Amino acid sequence: MRTEAGEPANTSGGSNSITAAVLERPGEPLRVEDLLLDAPGPGEVRVRLLASGVCHSDLHMVEGEWGDTPPIVLGHEGCGVVEELGPGVTAPRLGQVVVLDWFASCGACSDCLAGRPWVCRRTRSTENVLPDGTTRIHRPDGSPVLPYLSVATFATASVVSATSAVPIPEGLPPEVASLIGCSVTTGVSSVLRAATPPPGSPAVVFGLGGVGLSIVMGLALAGAAPIVAVDRVLAKLDVALAIGATTTIVAGDADATVEAVRDATSGGALFAFEAIGLEATIDQAMRSLRAGGTAVLVGMTPFGVRASFDAFDLVDRSLAVVGTNYGYGVPREDFPRYADLYLQGRLPIDRLIDDRIGLQEVNGALDAMRRGEGVRRVIVYP
Ligand SMILES: NC(=O)c1ccc[n+]([C@@H]2O[C@H](COP(=O)([O-])OP(=O)(O)OC[C@H]3O[C@@H](n4cnc5c(N)ncnc54)[C@H](O)[C@@H]3O)[C@@H](O)[C@H]2O)c1
Ligand SMILES: [Zn+2]
Ligand SMILES: [Zn+2]
């Protein structure tokens, strides 16, 4: 067995000891515990995590909004260093810094081959297993623990599909690189790949967490104007202004909020992004549109939520509604591209980070997200 430093790994029966945050069952706090991580199999690599963001999709899991689950290591927004290659793996290379792709598209179906990996139906990631349908994580008693979205980044190390470990240029702080794994790619790609607004398009973003603020950054890159940012937490509005929003609105009564957006966009937005996952704000996004406008839904609701719209209005004013998994991102292309844009000073990802924390503090970060405090807390591994 090889490690990055060439030192013997801390092994037990071919497995490494790791520390990870486990969701035993929804509604309970995560338990930070020592687990065993098997060596990578064919087509897999072991990655030593450097940093992991805490995303609202982790919180949806904790709240049980996406159903029940067996014990699972959460976290899906991470970066690390490749420290062991499974049989047959030629890329990435040992020692490379990688950002993890939580969708793990198959790479071989017609959608993947057509350059639309975000609609791949052969991924096993959404079942929280590796592409071969199994997990490399287990407890000392042998019982399996699943890797959330196949990457399990609330852990000191993780075994992932080699194709999920995407190399990025050197020079990014790990906490910045980690956010490229989910919120940044989802938000920026939802603008640059899904919406593709022509320069000068009036746009609005509902919800200014890591995802919504990344949409704001994407809109700034695309030259949208004005860029209206809506949240109920004042501090988020200040961050939005600092990274490219031109107008901010404190979310209040639904009618008043829609009216304020329509005023700020001289009659309605051409693109309205929803980055929360609430029926009420999906409705507000639809009602904020001008004729010919597009609502881009990025926030994820609990299972079973149905949203509605005025069907006559949709046809009469030629509106469109688009759902975007991973923002239509293509990790292999977008991760290194967004890393470069950060290094060029054109994508201020660091402005999204309010705290660097240890793995033990993960429940505090989830609580802060429940209260709407701060943007991204990032776990940094020693
Ligand atoms: N489409 C995808 O592939 C994808 C990827 C990542 C995350 N997501 C989803 O995107 C959503 C946002 O994730 P995040 O990590 O940025 O979450 P977050 O909790 O950090 O941000 C949500 C923001 O919405 C604001 N908000 C809540 N209720 C509001 C209301 N009624 N009006 C206005 N603002 C309100 C909060 O104050 C907060 O700033 C989640 O549902 C998450 O699951 C989707
Ligand atoms: Zn996420
Ligand atoms: Zn596929």
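This is a predicted model: local features need pLDDT of at least 70, side-chain atom pairs count only at pLDDT 80 or more; totals for chains, interfaces and linings use all residues.

Biologist: OK, what's the phi of Thr196 like, positive or negative?
Modeller: Positive: phi of Thr196 is near 40 degrees, and Thr196 is not a glycine. Most residues other than glycine have a negative phi.

Biologist: Is Thr196 buried or partly exposed?
Modeller: Thr196 counts as partly exposed, because its relative accessibility is 47%.

Biologist: Which residue besides glycine has a positive phi of about 45 degrees?
Modeller: That would be Ala152, with a positive phi of about 45 degrees. Ala152 sits in the loop between strand S9 (144-147) and strand S10 (157-161). With a relative accessibility of 0%, Ala152 counts as buried, whereas Thr196 is partly exposed.

Biologist: Switching topic: which residues are joined by cis peptide bonds?
Modeller: One cis bond joins Ala91 and Pro92, with omega at about 0 degrees. Pro92 is in the loop between strand S6 (77-85) and strand S7 (97-100). Another joins Ala225 and Pro226, where omega is about -10 degrees. Pro226 is in the loop between helix H4 (210-222) and strand S13 (227-231). As background, most peptide bonds are trans.

Biologist: Now the metal. What are the protein donors of the zinc ion (ligand 2)?
Modeller: The zinc ion (ligand 2) has Cys55 through SG, His76 through NE2 and Cys182 through SG, lying 2.0 to 2.3 Å from it. Along the sequence, these donor residues follow the spacing C-x20-H-x105-C.

Biologist: Where in the chain are Cys55 and Cys182?
Modeller: Cys55 is in the loop between strand S4 (44-53) and helix H1 (56-62), while Cys182 belongs to helix H3 (residues 174-195). The pair is 127 residues apart, so it links distant parts of the chain. Both Cys55 and Cys182 are buried.

Biologist: Since we're on cysteines, how many disulfides are there?
Modeller: Zero disulfides in this structure. Take Cys79: the nearest cysteine sulfur belongs to Cys182 and is 14 Å away. A disulfide is a covalent bond between the sulfur atoms of two cysteines.

Biologist: And is Cys79 buried or exposed? What about Cys106?
Modeller: Cys79 is buried, with a relative accessible area of 0%. Cys106 is partly exposed, at 31%.

Biologist: Next, helix H7. Which of its residues are buried?
Modeller: In helix H7 (residues 279-287), the buried ones are Thr281, Ile282, Gln284, Ala285 and Met286.

Biologist: What do the buried residues of H7 pack against?
Modeller: Several elements. The helices are H6 (254-264) and H8 (311-316). The strands are S12 (203-206), S15 (269-274), S16 (289-297) and S17 (320-323).

How values were computed:
Residues are numbered from 1 along each chain as its sequence is written. Chains are lettered from A and ligands numbered from 1 in the order in which they are written. Side-chain values use heavy atoms; hydrogens and water are left out. A disulfide is a pair of cysteine sulfur atoms within 2.5 Å. Buried means under 20% relative accessible area, exposed over 50%, partly exposed in between (1.4 Å probe, protein chains only). Donors are N, O and S atoms within 2.8 Å of the metal (3.2 Å for Na, K and Ca); water is not among the atoms, so sites may look incomplete. Helices (H or I, at least four residues) and strands (E, at least two) are DSSP runs, numbered from the N terminus. Contact means heavy atoms within 4.5 Å.
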